[in-house]
Amino acid sequence: MIERRCTQMDADESVFYLIAIRYTALRWLDKVLLILLIILPFIIKSIQLQTIVYIILFFILVATLGISGNRSSLFLQAPPLVYLGEISYSLYMTHTITLTLISKFLPSNIVSESLLIVRLTLVLYCLLIILFSALPIYYLVEKPLRKLSRQVIKVRQT
């Protein structure tokens, strides 16, 4: 009887140990995968290879976020990410126009021949330009139209 309890307790401890190892491994994996997805175009030159690696990393990222459960939702509930989610439609609507304008002023051959740190800096600047071009659209168009649509819906319901 005592032997059976010890075996059961050892099994329970090993399960908790495996869970602790999995939690520790997943703790930073989602963040590392996000960083890899961002810098991948600057490391791999072949478009076909980039596509394959993107698909693999994306599915690993989705699986990691799904396995990590509530812990990843805390990461996704960070105020900057919530704000980006709030203005995401404006970002979507302005990013193509902004990138087209940037490409007119910044030739691609200069970018492709630059050092990795220069290309990463240019991407950061492009992201900031996209963000700052989306903010006026969000505050001057999207937000007032959301408010108006809520008022119209409220009037129709009464």
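These are my notebook entries on what I looked up in this predicted model.

**Ground rules**

I number residues from 1 along each chain as its sequence is written, and I use heavy atoms for side-chain values, leaving out hydrogens and water. As the model is predicted, local features need pLDDT of at least 70 and side-chain atom pairs count only at pLDDT 80 or more, while totals for chains, interfaces and linings use all residues.

**Entry 1: the overall layout**

I started with the secondary structure and found 7 helices and 0 strands. Helices (H or I, at least four residues) and strands (E, at least two) are DSSP runs, numbered from the N terminus. Read along the sequence, my pattern is α-α-α-α-α-α-α.

Next I looked up burial: 18% of the 158 residues in the chain are buried. For me, buried means under 20% relative accessible area, exposed means over 50%, and partly exposed is in between (1.4 Å probe, protein chains only).

**Entry 2: salt bridges**

How many salt bridges does a search of the whole structure find? I noted 2. A salt bridge here is a side-chain nitrogen of Lys or Arg within 4 Å of a carboxyl oxygen of Asp or Glu.

I looked at Glu86 and Arg146, whose side chains meet at 2.4 Å, N to O. Glu86 is partly exposed at 33% relative accessible area, and Arg146 is partly exposed at 26%.

Arg146 also forms a salt bridge with Glu142, with the closest N and O atoms 2.7 Å apart. Why are these two separated by about one helical turn? I see that they are 4 residues apart in helix α7, so about one turn lies between them. Is Glu142 buried or exposed? Glu142 is buried, because its relative accessible area is 11% and the cut-off for buried is under 20%.

**Entry 3: a nonpolar patch on the surface**

I listed Tyr83, Ile137, Tyr139, Leu140, Val141, Leu145, Leu148 and Val152 as a nonpolar surface patch with about 710 Å² of accessible area together. Patches are made of residues with over 30% relative accessible area and no salt bridge; like charges are joined within 9 Å, and nonpolar side chains (Val, Leu, Ile, Met, Phe, Trp, Tyr) within 5 Å. The areas come from the Shrake-Rupley method with a 1.4 Å probe, and for residues only the protein chains shown count as cover.

Which helix gives the most to this patch? I found that helix α7 (residues 116–157) does, with 7 residues. Tyr83 sits in helix α4 (residues 79–86) and is partly exposed, at 32% relative accessibility.

**Entry 4: the largest pocket**

I looked up the largest pocket and noted a volume of about 420 Å³. On a 1 Å grid over the protein atoms alone, a cavity is a set of points where a 1.4 Å probe fits but cannot get out, and a pocket is an open set with protein on both sides within 12 Å along at least five of seven lines; lining residues have an atom within 4 Å of a point. Grid points are joined across faces, edges and corners, and a volume is the space filled by probe spheres set on the points.

Its lining is Ile38, Leu81, Leu84, Leu91, Leu124, Leu127, Leu128, Ile130 and Leu131. Helix α7 gives the most to this lining, with 5 residues. By class I have 9 nonpolar, no polar and no charged residues. Ala, Val, Leu, Ile, Met, Phe, Trp, Tyr, Cys and Pro count as nonpolar, Asp, Glu, Lys and Arg as charged, and the others, Gly among them, as polar.

**Entry 5: the second largest pocket**

This one holds about 310 Å³ of space. I noted 17 lining residues, of which Ile102, Leu106, Val111, Val123 and Cys126 lie nearest its centre.
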